[in-house]
Structure formats: C-alpha cells, structure tokens
Amino acid sequence: MARLILTFNKQVIKEYPFLKDSVTIGREDDNTIVIANLAVSGYHARIDKTGNDFIVTDLQSTNGSFVNNKKVVTQKLSHGDNILIGKHIILFVASEKKIQRDAKSGKIDLGKTMMLDTVKQKELLKKQKTPPKAVRAPEKIGVVSFIDGSSLGDIVLRKKLTKIGKADTSEIKLSGVFMGATAATISRRPAGYTIAYAGGITKLKVNGETVRDSVLLKDFDTIELGSYKFQFYGKEVKR
Amino acid sequence: MRIKASGITDVGLKREDNEDSYSKEDSLGLYVVADGMGGHLAGEVASRVAVEMINKSVRKWLEEEAREDELFGPPDNSLTLIGNYILSSIRMANRVVYEMALGHEEYHGMGTTVVILYVTPSLIIAANVGDSRIYMVRDGHLERLSKDHTIVSEQVEMGTMTEEEATTSPLRHILTKNLGSSETLEPDIFEIEPSDKDRLVLCSDGLTDLVSDDEIFEMTQKNKDPSNLCRKLVDTVLQRGAHDNATIVSVFLSGIKTGRGGPINKMGSLLADFVTGIRKVIRI
C-alpha cells in the first residue's frame, strides 16, 4: 500500500496509509492530512489515486505546492518524491509491488544516485527486519602478539599503515643483521589487514609460507620475520 | 618513481548534464573524482567545488608543510601527516558545500561523492565518501581501496545481503554518506605502501554500474597506457547504454624502488635462513 509521510524539520510527524481514492491536505479540520500552520491554505492540495498512479494537484493555494522543489499545478508522483506544503514536507512512498514493477520496467531510474536524507533513512531503516545499527558487526582492531619470547608482548595496530623493521621510524622495531629497514608492512584496507613483504634479506613467512608480495591476514595467522614470531588477531573495540 | 596518468569524463547517453568532476595533478600526485547530485546544476556545482577545494587545500598544506594543529578539525592519529591533509581537505570541502547548500535556495540539497588518490614513492593514500571507487591492480590481483557508503554495502558487511543481491537491489544507489549534506563528515581513508607497477583506477558509479570488477581488472591489466585504458572503459560504458555520467582517472606507477628481489638479496636470504636456524638452535 502506498503511504504519505508528513515531516517537519526532517522529523516524521505522522504516517498516512493511502486508504481512500483521494487525500486532501490543508489547514481546515476536514482534510485527510491537517496541517495547522499559517503557511498552509485551508484546502491546499489533493492527491488522487488513478489506477496505479498517484497525482498531486495544487488547489490554488496561496503559497503553492512543490514536488522535489519544483512548483507544480498537477503532477504524477513517483516513489520517494518530496511534496512541499508550506514548511512541511510530505514524502510519497509507493507500494512495494509498484516499486518492484517500476524498477523492472525502467520507470524508476535506479541508476540515479540519491542522497539519503533523514526522513528517507528512517523510512528505509524501518523496512529492515532488524535495524542495522543494532546488528552491525563490532569494529575490530588488529593486534599482533609476539610468541617468540622477545618480550614485545601484544602490540595494537593503531595506524592505518604499520611499518615493521630495523628503521627507527618503524612502528614495530625489530633488530637483526638481515632485517630490512622496513621488512614488512601491515596495512588496514577495505578487505581487512594485509601484510606485505617490503624489503631486506630476512624472509617474511605467514603460516610457514614465504610471502613475496602480500597476503590478507586472518585471525591467528602466524607470522615469522627471521627469529621473530607473532600471531595476528582482530580485537573487538567499541565504535 | 614515474607516474603516467589520464582522466576522462563522459556525459553518457541518457543525461543532459554531466554532474561529475575530476582533477589530475601529476606534479602533486593527487587525483580526485567526484559525482555530484542535486537538482538543476547543483550537482555539477557540488562536485566541482569539492574537487577544487580539495586540490587547493592539499597543495597549500604541502607547500607550507603545515602541522597537524593547523588543519581543519582534530587530527586522526592512525594516519600520517599527509593522510591528515587529505582528511582535513575533505572536511573543509564538506563544510563549504554544506554552507553553500544552506545559503542558496538553488543549491538546496546538493551533495557529492568523492574519491581521492595521493601517491608518493613511499606512500599511497586512498580516501572516499559515497559510492565512487578506487581500484588497485597489483601482483595480478584487483583490490578495492575504497569502501562504498551505501545501504546495501553496509548490509553486505553485516552479512544480511549477498554481493550478488547488492548489485541488483533497488536500494543500491542510496548513499549513507556524502559530501555536503551534513555539517561534519568522516571519510574512509587507507594508507598503504606503493609497489612497482601498481595500477590504480578512480571512477564514478557510471562505470561500475555497467562494468564488473572482473572486467575492470582485465582491461586494466591488458592496456599498457592509462589513456587507452580510460578510452576503453568509457567505450564499454557507452556500448552498454551509459545511463549515467561516467568518469575515470587511471594512474600507472613505475620505477618504485623497494627492497624486494635482486640476486644479492637471494644470496643473502640463504645466509639469513642459516643464521636464523643457528639462533633458534642456540636459544633451545
């Protein structure tokens, strides 16, 4: 079923399911959607259901009706249209079936990038079975835990790019004649933490395999650099 | 380090205006693509202003060698100083576009995506807001260096939607973040070490809507020249209907010296293995 969502200052005031063939909007009490605001005319606009379409008509209001910021006399509504009446915005939400049908027949331009304003966001989030925020996976931060008796202990990877090597500028400083100034780097990337061999004679091994390029790290992968040995894991942190 | 870069933008076959903007500054190693949105010409304004602001502020801070406390907003300690330049430039561009949108009725509701690539011989920085992307081809693999800020990609991350469902979902173009629609903005920024022969592609969704990651990977590997690659990608978009503006900037790196490889290194690593072995034995 199609719905109209009345909002003011990006706050949802009330939701109106489209129950009748015609809905009126205005200041007078006998409108379907009553907006008690001086910017709104007594009988400001009407929305009619004609077949599968919904059409908004301005009832010669003083301040006019606007669809997506464009002044209209009469206009067919599309899913997601904003109808501006005075200072209130009414969001038109088509029925689920209609959205799917229009998407298939190409009537809704799904290629168009849309901004998600507060109202639409609420609307879309409400459609989720569970609100995404509640089930969002906790953020994880990478930790390397030295298991070689080098007394380096656990090191949290606080940087986007962690350099490991002999150089003083390394976030994790390791010694050794053959250790590279930067022997390896661990970078936090969209796919996760990735370790890369960077230089020096000392080999980089992950789970016993020599790494010449880079490899995406999984929890409890064992990393070796010369006589150093450490494990990687993701630690949950509060967002 | 040598950089060869090329950029192209095409209005496509369905839209009247091109709301995308891009910049290519080889001298700085700074590349930006932005995909604007908003009525009339507002989308075009938003993307152009964002690209200009980011270029101007990053250039200024680099020249002045600005300190972290001279930037816009609190520094992010997980980033390098230049990473913070990029972060601040995005925050600043966001504030400018946001205030323009508030102050002018014709710009009301405008915004833009943005992807930024910054390359030096020792560092690659990738930053993004929205659904424009940065791809990197390295060692025969394609990797994304950007995170889509869309409802569907968040759902994919949460595991409530598959990648496949995401590409056809009616919600796939709804952004959860964009530059210009709120007073503050925190982009995603990644920093990685460069590697010789890295190839990077920045693009708006006009490309990624019609060309798959696998195809982008294949074409990026095949084309020897960044301008050929841009042309080839745009031609593919046009052949497939080009329902949106498409913008592509490709950046090919070469001559990056790393400590990798080399015969001395190989000899040395044999010796290193030997020494490591002895050290392990001694410890036991």
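Modeller: What follows begins with the helix pair and then moves through its loop, a cavity and selected residues.

This is a predicted model, in which local features need pLDDT of at least 70 and side-chain atom pairs count only at pLDDT 80 or more, while totals for chains, interfaces and linings use all residues. Residues are numbered from 1 along each chain as its sequence is written, chains are lettered from A and ligands numbered from 1 in the order in which they are written, and side-chain values use heavy atoms, with hydrogens and water left out.

The pair consists of helix H1 (residues 42–64) and helix H2 (residues 81–103) of chain B, whose axes come within 8 Å and cross at roughly 145°. Helices here are DSSP runs of H or I with at least four residues, strands are E runs of at least two, and both are numbered from the N terminus; the axes are lines fitted to C-alpha atoms over the stretch in contact, with angles from 0 to 180 degrees between N-to-C directions. The crossing of H1(B) and H2(B) is right-handed. On the H1(B) side, the contact is made by Val45(B), Ala46(B), Val49(B), Ala50(B), Met53(B), Ile54(B), Ser57(B), Val58(B), Trp61(B) and Leu62(B), and H2(B) answers with residues including Ile82(B), Tyr85(B), Ile86(B), Ser88(B), Ser89(B), Ala93(B), Val97(B) and Met100(B); contact means heavy atoms within 4.5 Å. By class, this contact has 18 nonpolar, three polar and no charged residues, where Ala, Val, Leu, Ile, Met, Phe, Trp, Tyr, Cys and Pro count as nonpolar, Asp, Glu, Lys and Arg as charged, and the others, Gly among them, as polar. An α-helix has 3.6 residues a turn, so residues three or four places apart point the same way.

Asn84(B) also lies in helix H2 of chain B and is buried, at a relative accessible area of 1%; buried means under 20% relative accessible area, exposed over 50%, and partly exposed in between, with a 1.4 Å probe and protein chains only. If neighbours within four places in sequence are left aside, Asn84(B) is in contact with Glu68(B), Leu71(B), Pro75(B), Asp76(B) and Leu79(B). One of these, Glu68(B), is 16 residues from Asn84(B) in sequence, with 7.1 Å between the two C-alpha atoms.

The loop between H1 and H2 of chain B holds Glu65(B), which is exposed, with a relative accessible area of 63%. Phi of Glu65(B) is near 50°, a positive value in a residue other than glycine. Further along chain B, helix H3 (residues 151–158) has Ile151(B), Val152(B), Ser153(B), Gln155(B) and Met158(B) as its buried residues, and just after H3(B), Gly159(B) takes a positive phi of about 85°.

The model also has one cavity of 30 Å³ or more. A cavity is a set of points, on a 1 Å grid over the protein atoms alone, where a 1.4 Å probe fits but cannot get out, and its lining residues have an atom within 4 Å of a point; points are joined across faces, edges and corners, and the volume is the space filled by probe spheres set on them.

Chain A, for its part, has three helices and 22 strands, and 45% of its 239 residues are buried. Phe230(A), in strand S22 (residues 228–237), is buried at 0% relative accessibility. Not counting residues up to four places away in sequence, Phe230(A) touches Val144(A), Ser145(A), Phe146(A), Ile147(A), Ile164(A), Asp221(A), Thr222(A) and Ile223(A). In the loop between strand S6 (53–58) and strand S7 (65–67) of chain A lies Gln60(A), exposed at 77% relative accessibility, with a positive phi near 50° in a residue other than glycine. Gly64(A) is found in the loop between S6 and S7 of chain A but is buried, with a relative accessible area of 3%; residues up to four places away in sequence aside, Gly64(A) touches His44(A), Asp58(A), Lys71(A) and Leu84(A).

Terms used: Left-handed = near helix turned anticlockwise from the far one by under 90°. 1 Å grid on protein atoms, 1.4 Å probe; cavity = no way out; pocket = protein on both sides within 12 Å on 5 of 7 lines; lining within 4 Å.
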